[in-house]
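Please prepare a short briefing on the structure below.

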Amino acid sequence: MVDLLVMPIAMLVAPLLPVILRSIPSYMQKFNEWSSASYQKLNLKSNLYDDLKKSLSSVKGQDLAINTVIDSICGWSESKKNKIDKTSGGLVIHMAGVSGTGKSMTADILANKLSKNSAIRISYSDIDTTDRRSCAEQLFGNYTEKSVFDTDVKCNTSYASQLVYNPEIVVVIDEFDKFMLRDDSLQAMLWDIADTGRLRIGKDTSIDCSKTIFILTSNASKESIKLKINKLKTDDSDSLETVNFKQAFLNRITNVYFENFSKDIYKEILISHFKPIKEYYSKKYNLFVDFNNSALDNMATELSNMKTGGARNVGIFTKKIYLELYKYRREAGISESYCKNRYDIEIMYSNKKYEILKK
């Protein structure tokens, strides 16, 4: 009975067998190509994530902000590689928060890491305040094919040309909120880039920015962005002016908030800044400096209570400590040359006063 069933099936399959056998290598090759491409895409994503994570490890106390930035870049990069959305725009990341919290440092690391050529760095000083043209027109409105090669042309007139010749570039716009005090042209321009991937210059000219990353830094607070406004002091007075963030613009970009550091993070930063001081005095003068734990706590508390300045305020303490150590060394008779006798001291700090004790 089995033989009766097998024979007709074999007779039907036999003519097709050569065709099937010839097709197997072709299908196997296509499968291998597909699996290899899929592995490479996954591996690229993994490598990009790991590279960014390693590069940005030097930015302290901003784990949430850094993770948000990395996830945004990796997700956008993956969509471009897989061509998930062919019409998707460029990537615009707005890093906001008080000064000294690592925004500019993060932007510089990303610019050096991700830009295939030298990154474009723009600051408010590039704007001619006597020029009636908008910020966007001054920075990107003078596009000519010649300008990218013409050394006589001012730097800011070639930004558009750089985007033409280097579409996979990183553009860092520092002090973005200051630009918005003047006009909202950059906000409108970046809105269009994030939405369509095109930088429009005039009525008839546009540049493809779908593979471009724009990184904005500003001192806007998390609360002010939620309210879609930010109040800034003008350069020439203490008066406050309002910057308005359009909701549609905020919806199309990645907003990342850099919070002020906690006391524990400031303590870590202090320890890292004091390490070279200790090494310098031990090698040059045989003077071994130790920092009392309560002194570090008091310094960190003061820093965390400062509303602005962030990690830059650590320099207030390092400069003062150098001064105090210089005075101690002079009073103790420790000469400029290396001293054979070892000195062990401990630095105390309380109520904004320093004290150096011999151990």
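Aspartate 290 sits in strand E10, which spans residues 287–291; helices (H or I, at least four residues) and strands (E, at least two) are DSSP runs, numbered from the N terminus. This is a predicted model, in which local features need pLDDT of at least 70 and side-chain atom pairs count only at pLDDT 80 or more, while totals for chains, interfaces and linings use all residues. Residues are numbered from 1 along each chain as its sequence is written, and side-chain values use heavy atoms, with hydrogens and water left out.

**Aspartate 290**
- Aspartate 290 counts as partly exposed because its relative accessibility is 28% (buried is under 20% relative accessible area, exposed over 50%, partly exposed in between; 1.4 Å probe, protein chains only).
- Not counting residues up to four places away in sequence, aspartate 290 touches Lys278, Ile345, Glu346, Ile347 and Lys359 (contact means heavy atoms within 4.5 Å).
- Aspartate 290 and isoleucine 347 are 57 residues apart in sequence, with their C-alpha atoms 6.3 Å apart.

**Nonpolar cores**
- The largest nonpolar core has 35 residues, and Ile173, Leu186 and Leu190 have the most contacts inside it (a core is a set of buried Ala, Val, Leu, Ile, Met, Phe, Trp, Tyr and Cys residues joined through side-chain atoms within 4.5 Å).
- Helix H8 (residues 185–196) gives the most to this core, with five residues.
- Another core, of 29 residues, lies apart from it and includes Phe261, Ala295, Met299 and Ile345.

**Confidence**
- The mean pLDDT of the protein is 79, and 74% of its residues reach 70 or more (pLDDT is the predictor's confidence in each residue, from 0 to 100).
- Over residues 144–157, pLDDT stays under 50, and the model has 15 contacts beyond four places in sequence for them.
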